[in-house]
Amino acid sequence: MSNLSSGERDFEFNDRDFRRVCELIHARAGIALVPAKRDMVYGRLSRRLRTLGLRSFKDYLDQLEQHGGEEWQAFTNALTTNLTSFFREPHHFDKLHEELLRRAPKAPLKLWSCAASTGEEPYSLAITACETFGTMTPPVRILATDVDTQVLATASQGVYAMERINGLDDELKRRYFQRGSGPNEGKCRVVPALRSLIEFRPLNLLANRYDVGGPFDALFCRNVMIYFDKPTQRAILSRLVEHMGDEGLLYTGHSENYLHAADLIQPCGRTLYRRTARSGA
């Protein structure tokens, strides 16, 4: 995407406006925006200005800070990046299959997708559980959370464009998705039995505490920590480990590194971590 000059923009967006956006989203959601994201910020937030009938980013940000309310959620939703797919990083689901089999005697098992986005990850967890136990009612409960309420609404509906499942095995498509017809042509929906395994709930990882229960046997926190600075990552990890079981595994993104939190979690496989003994809940 090429940089837009101020003359091509509908709204003035100066350095001070961008700094204010960076400070507000960092305080609200822990996201650390870099200068390269400036055009992205303009594109996404300018839609809010149009919706609200405002003339400038300064007016928008002043209104946000003075009145806030529901607009805080719209602001957060606009700046949250959601990139996901079914069975992304497939080695994680192979490992989950092994772990579910190993821990079957301790069922029911608890799984948590803490950056669930539009739902592909938690539904992949559910499919893995169904395949592992050979039933549509496996002994698992899955919690799916995200700070973005819009993507959670999409996830809860479980309706996707057909191309979203193109990479899946035909048998998995047949078992776990219903093909749309008529006005829903070109779409598919997860089967109700799969949806019933998952509880969708909004959660801000910056919250002082997570009211999510546990302990969890598997905690998926993938490709979200890259948006946080190191101190914020550490604070989040310190809360996540409180909800990990003694043998629980933390599944992380391939580009995430937690050497700075070795007292909290320790590597135990490819992008896999366990809680350290001294970080026990």
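Visitor: Where does serine 117 lie?

Guide: Serine 117 lies in the loop between strand E1 and helix H6 (120-133). Helices (H or I, at least four residues) and strands (E, at least two) are DSSP runs, numbered from the N terminus. This is a predicted model, in which local features need pLDDT of at least 70 and side-chain atom pairs count only at pLDDT 80 or more, while totals for chains, interfaces and linings use all residues. Residues are numbered from 1 along each chain as its sequence is written, and side-chain values use heavy atoms, with hydrogens and water left out.

Visitor: What is the phi of serine 117?

Guide: Serine 117 has a positive phi of about 50°, although it is not a glycine. Most residues other than glycine have a negative phi.

Visitor: Is serine 117 buried or exposed?

Guide: Serine 117 counts as buried, at 5% relative accessibility. Buried means under 20% relative accessible area, exposed over 50%, and partly exposed in between, with a 1.4 Å probe and protein chains only.

Visitor: And what about the phi of threonine 271?

Guide: Threonine 271 is not a glycine, and its phi is positive, about 50°. Threonine 271 is in the loop between strand E9 (265-269) and strand E10 (272-275). Its relative accessible area is 16%, so threonine 271 is buried.

Visitor: Switching to peptide bonds. Which kind joins alanine 107 to proline 108, cis or trans?

Guide: The bond from alanine 107 to proline 108 is cis, with omega near 5°. Proline 108 is in the loop between helix H5 (91-103) and strand E1 (109-113). Glycine 214 and proline 215 are also joined by a cis peptide bond, with omega about -5°. Proline 215 is in the loop between strand E6 (198-202) and E7. Most peptide bonds are trans.

Visitor: How many residues are in the largest nonpolar core?

Guide: The largest nonpolar core has 49 residues, and Phe75, Trp112 and Leu240 have the most contacts inside it. A nonpolar core is a set of buried Ala, Val, Leu, Ile, Met, Phe, Trp, Tyr and Cys residues joined through side-chain atoms within 4.5 Å.

Visitor: Which elements give two or more residues to this core?

Guide: Among them are helix H1 (15-29), helix H4 (71-79) and strand E8 (244-252). The largest share of this core, six residues, comes from H1.

Visitor: What does phenylalanine 75 touch?

Guide: Leaving out residues up to four places away in sequence, phenylalanine 75 touches Val21, Leu24, Ile25, Leu45, Tyr60, Leu61 and Leu64. Contact means heavy atoms within 4.5 Å. There is also a second, separate core of 38 residues, which includes Leu111, Leu152, Phe177 and Leu194.

Visitor: How many aromatic pairs are there?

Guide: The search of the whole structure finds 16 aromatic pairs. Rings of Phe, Tyr and Trp (its six-membered ring) pair if their centres lie within 6.5 Å; planes under 30 degrees apart count as stacked, over 60 as edge-to-face and the rest as tilted.

Visitor: Why is the pair of phenylalanine 13 and tyrosine 42 called tilted?

Guide: The planes of phenylalanine 13 and tyrosine 42 are at 50°, so the pair is tilted, with ring centres 5.9 Å apart. Phenylalanine 13 is in the segment before H1 and tyrosine 42 is in helix H2, so the pair ties together parts that are 29 residues apart in sequence.

Visitor: What lies over the face of phenylalanine 13?

Guide: Arginine 38 does, at 5.4 Å from the ring centre. A charge sits over a ring if NZ of Lys or CZ of Arg is within 6 Å of the ring centre and within 35 degrees of the ring normal.
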